[in-house]
Amino acid sequence: MVVDVQSKILPGVTHWQSPNFYAYYPANSSVAGFLGEILSAGINMVGFSWITSPAATELEMIVLDWLGKLLKLPQEFLSSGHGGGVIQGSASEAVLVVLLAARDKTLRMVGKSALGKLVVYGSDQTHSALQKACQIAGIHPENCRLLKTDSSTDYALSPEIVSEAISHDISIGLIPFFLCGTVGTTSSATVDPLYSLAKIAKSNGMWFHVDAAYAGSACICPEYRKYLDGVEEADSFNMNAHKWFLTNFDCSALWVKDRNALIQSLSTNPEFLKNKASQANLVVDYKDWQIPLGRRFRSLKLWMVLRLYGVENLQNYLRNHIELARYFQVCVGQDPRFEIVAPRKFSLVCFRLLPPVDDNETRGSNKLNQDLLEAVNSTGRVFITHTALSGMYTLRLVVGAPLTERRHIDAAWKVLQDEAFTLLCSPLQENGNLPKSPPPIGFFGNGFKAEPLPQK
Ligand code: PLP
């Protein structure tokens, strides 16, 4: 079996826990998260209703209240009031369930036949999970407005553009009902202006959801909490503890102010699940806050992460990654062959290799950066991914793996520089104008050698 795992499975595994993994957004594992997973697997209960394992429901309420307080979410999001937190499997499920709640809330007011008139708003930087949620919720694809952003707002959603779109839709008889803002977009980790967006949503009777799947974690640090300002006006808020919070996948924390809105959309009450506690409305039954019936004991791993590491260690963990990203940004900024494409707020750096001076045509420079990405990843020493910003093929390097240290960033930068050198030189080499090998180590970079991926 061990031999088969080594020979048949591991060669096909992408090492998300490698310190050289800088792709997408991270998916942290940790000893605490791992222990929580083991305990959950051993207990293996299915906690859909309170009565099916009271500890599972109650721990989830407690732990999400703790995390909500760490993020300084308003009191209405905590379980003591009409709202509360729930662990979903993913940010995609989170946006889907709140979209369903918002849709049904609106349809109760305007009548079910108005479904075709309902309109959803986000930006062209909002995660595609919103679009998928619309598809599932029966929102007409042409009523899902992904409003354009550009570099003038650092790719954040402009409140003026949102207001204009809403006014126009109302004037042609449509019904705006849902607005999604993002803290830490997937492409460039920009932050939408939550307060202004919330105001627009409120004045139009719309549900305002905040997706902070990646960057929400950083907001437990007082110096980054400002990026959540305005969340107090939101109807729902989501962050993925399974991304950058040392909690093994999956663990997506969703808070709502009005739990009844979720329950009205998602509850079922078959005879075979009836019990006194539920009938008396004395308990939370999380089956009514999510799509599936069954659910795992996911709060155990978040509980262990919070208890074993503590707030200060978690804050320092996040700060360290942000500092490493800042360091990488400085390296890129000091090399005139590269440019930083979008401002960095957290641990994501967006950058690109500039084409030779006489070749500034976008298609050529996109191809150059695509070639660089492929060359860098083909070394097997680092893994980065890309996005498009204003039509520009943009490289993304995210610091977020638990084992990444400064020497790994140095090594990654060295790989990037070497491969860039090779690419930039190759057309000239063909003409016999340039040396055939990169300059000695230390010429562009600092001389650290990349480490191979762990062999274990
Ligand atoms: N929202 C944002 C901002 C993301 O960056 C991502 C994934 O990276 C998602 C949503 C989707 O997350 P999930 O895989 O948990 O559905």
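**Exercise 1.** Find how helix H4 and helix H5 (residues 129–137) pack: at what angle, and how far apart are their axes?

*Solution.* H4 and H5 pack at an angle of about 45°, and their axes are 9 Å apart. Axes are lines fitted to C-alpha atoms, for helices over the stretch in contact, and angles run from 0 to 180 degrees between N-to-C directions. H4 is therefore oblique to H5; angles under 35 degrees count as roughly parallel, over 145 as roughly antiparallel, 65 to 115 as roughly perpendicular and the rest as oblique. Helices are DSSP runs of H or I with at least four residues, numbered from the N terminus.

The model is predicted: local features need pLDDT of at least 70, side-chain atom pairs count only at pLDDT 80 or more, and totals for chains, interfaces and linings use all residues. Residues are numbered from 1 along each chain as its sequence is written, and side-chain values use heavy atoms, without hydrogens and water.

**Exercise 2.** State which helices each supply at least two residues of the shell around the ligand.

*Solution.* These are H4 (91–110) and H8 (241–244). Among the residues that surround the ligand are Tyr25, His127, Asn240 and Lys243; a residue is near a molecule if one of its heavy atoms lies within 4 Å of it.

**Exercise 3.** Locate the N or O atoms of alanine 91, threonine 186 and aspartate 211 relative to the ligand.

*Solution.* Step one: a backbone N or O atom of alanine 91 is 2.8 Å from a ligand oxygen. Step two: a side-chain N or O atom of threonine 186 lies 2.9 Å from an oxygen atom of the ligand. Step three: for aspartate 211, a side-chain N or O atom is 2.6 Å from a ligand nitrogen.

Note on methods. A polar contact is a pair of N or O atoms within 3.5 Å; within protein, one must be able to donate a hydrogen and the other to accept it, and residues adjacent in sequence count only if both atoms are side-chain atoms.
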